[in-house]
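Thanks for making time this morning.

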Amino acid sequence: MTEALLRYRSEFPILERTTYLISNSLGAMPRGVYDAMKGYADIWATRGVRAWQERWWQLAADVGDEIGGLMNAPKGSVSTHQNVTSCQAIVASCFEFSSKRNKIVYSDLNFPSVMYFWEAQRALGARVHMVKTDDGITVPTERMLDAIDERTLIVPISHVIFRSAYIQDAEAIIEKAHKVGAHVVLDVFQSLGTVPVDVQALDADFACGGVLKWLCGGPGVGYLYVRPDLGRQLKPRFTGWFAHQNSMAFEAGPIRYAEPPFRFMNGTTHVPALEAARPGLRILTEVGIPRIREKSKRQTTRLIELADRHGWRVNSPRDAEKRGGTVSIDMPNSEEVCRELLKREILVDWRPKAGVRFSPHFYNTDEELEIGISAVEEILKDRAVAVR
Ligand SMILES: Cc1ncc(COP(=O)(O)O)c(C=O)c1O
């Protein structure tokens with residue numbers, strides 16, 4: 001039944017030329033991006049500065065709503081930005097670290113950019129507590145929950161871990177954080193588009209991510225959901241004229257904040273990237289996350305079976321319910337194997353302590369999984385002959 005999804009293959013030109021198994025890193029470009037980019041250039045060329053009023057100013061909010069629709073965010077609750085790191089900075093700028101509540105709790109399996117950002121806030125008084133993984137695959141939930149206490153201000157977590165695709169128990173972490181008065185910044189970069197995300201059901205305070213992986217939206221668009229009640233109260237210090245109630249009045253002095261989503265924006269928006277993101281968002285919305293998830297669980301299970309058959313180490317959860325869209329396989333000489341796969345037009349990536357990451361998406365055939373794994377087998381065989 002999920003093979004009905006294969007009819008979308010023709011929307012993605014790169015699938016004709018490569019075995020594309022790397023949607024955890026960069027989703028395939030939809031054909032529609034060519035027209036979107038031409039449309040952007042045409043508007044700029046013909047409408048000139050009027051484009052701001054006619055389309056561009058509102059685009060940042062419109063694209064926010066399109067992304068929000070995929071995670072059950074209410075309209076107007078998602079602002080768009082360049083990347084996840086700047087979303088963290090916007091959230092941080094809503095709080096201060098000078099009171100007793102100044103602890104940041106995160107896991108060492110977080111995406112490093114997020115760690116680097118929060119570690120740097122030590123200079124402003126933040127106390128940072130890193131929870132360590134035991135196996136390099138999972139985050140020990142109990143240890144996370146124990147670390148979140150009455151002094152905790154922010155808990156920045158990845159919903160799905162980039163290295164292993166482990167799905168964190170976001171619900172338990174958010175519940176504990178709320179019990180002690182802390183806020184969770186849920187990074188859904190590796191979940192939204194392949195794993196169901198419902199920010200309202202999770203009662204997430206903040207959720208952020210980007211469109212370039214599972215949402216096939218290209219680089220340059222990050223997004224930030226702020227729970228509506230918080231959104232009306234918070235006053236980001238990282239702010240600018242797009243967040244002003246009346247930007248065009250060019251008032252001197254302090255800002256008067258607009259309502260969300262513009263309240264969380266700052267300077268001139270990234271119009272071309274926003275235009276490029278739309279064809280992917282349109283397709284993802286049409287396909288629907290439940291169908292994508294169903295297929296993903298089946299295909300990632302198959303990848304694990306194939307890895308097991310060869311005795312290769314699997315650095316992703318074996319339980320499909322706890323696994324996102326990626327299977328990390330650490331076969332012998334995995335970094336070199338990855339380089340060789342790329343030369344053979346089999347697109348994957350390699351990460352330290354993970355191995356080769358295989359990430360099928362709704363547009364991949366089952367045969368492509370076999371092609372990828374058979375190529376690894378062949379590369380290892382050739383290598384063994386070469387070193388004999
Ligand atoms: C979970 C997660 N968060 C964040 C990022 C990237 O952060 P940024 O958007 O700041 O480049 C990635 C990967 O690129 C990721 O996998």
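Let me start with a question: in which loop is Phe 250 found? Phe 250 sits in the loop between helix 8 (228–233) and helix 9 (271–287), where helices (H or I, at least four residues) and strands (E, at least two) are DSSP runs numbered from the N terminus.

Before going further, please keep in mind that this is a predicted model, in which local features need pLDDT of at least 70 and side-chain atom pairs count only at pLDDT 80 or more, while totals for chains, interfaces and linings use all residues. Residues are numbered from 1 along each chain as its sequence is written, and side-chain values use heavy atoms, with hydrogens and water left out.

Back to the surface, then. Phe 250 counts as exposed because its relative accessibility is 57%, given that buried means under 20% relative accessible area, exposed over 50%, and partly exposed in between (1.4 Å probe, protein chains only). Together with Trp 241 and Met 248, Phe 250 makes a nonpolar surface patch of about 360 Å². Such patches are made of residues with over 30% relative accessible area and no salt bridge, like charges being joined within 9 Å and nonpolar side chains (Val, Leu, Ile, Met, Phe, Trp, Tyr) within 5 Å; the areas come from the Shrake-Rupley method with a 1.4 Å probe, and for residues only the protein chains shown count as cover.

Next, two buried residues. Phe 189, in the loop between strand 6 (183–187) and helix 7 (199–202), is buried, with a relative accessible area of 14%, and its C-alpha lies 9.2 Å from that of Leu 215, 26 residues apart in sequence. Cys 87, in helix 3 (residues 84–92), is buried at 0% relative accessibility, and its C-alpha is separated by 9.0 Å from that of Phe 264, 177 residues apart along the chain.

Now the salt bridges, of which the structure holds 29, a salt bridge being a side-chain nitrogen of Lys or Arg within 4 Å of a carboxyl oxygen of Asp or Glu. Arg 302 pairs with Glu 305, the closest N and O atoms being 2.9 Å apart, and both residues lie in helix 10 (residues 289–310), three residues apart, about one turn of the helix. Arg 302 also meets Glu 370 in a salt bridge (3.0 Å, N to O). Because Arg 302 lies in helix 10 and Glu 370 in helix 12 (residues 366–387), this pair ties together parts that are 68 residues apart in sequence. Arg 302 is partly exposed at 24%, as is Glu 370 at 30%.

Another pair is Asp 319 and Lys 322, at 3.8 Å, N to O. Salt bridges that share partners also join Glu 340, Lys 343, Arg 344, Glu 378 and Asp 382 into one network.

On a 1 Å grid over the protein atoms alone, a cavity is a set of points where a 1.4 Å probe fits but cannot get out, and lining residues have an atom within 4 Å of a point; grid points are joined across faces, edges and corners, and a volume is the space filled by probe spheres set on the points. The lining includes Asn 24, Phe 162, Trp 214 and Arg 357.

Definitions and conventions: On a 1 Å grid over the protein atoms alone, a cavity is a set of points where a 1.4 Å probe fits but cannot get out, and a pocket is an open set with protein on both sides within 12 Å along at least five of seven lines; lining residues have an atom within 4 Å of a point.
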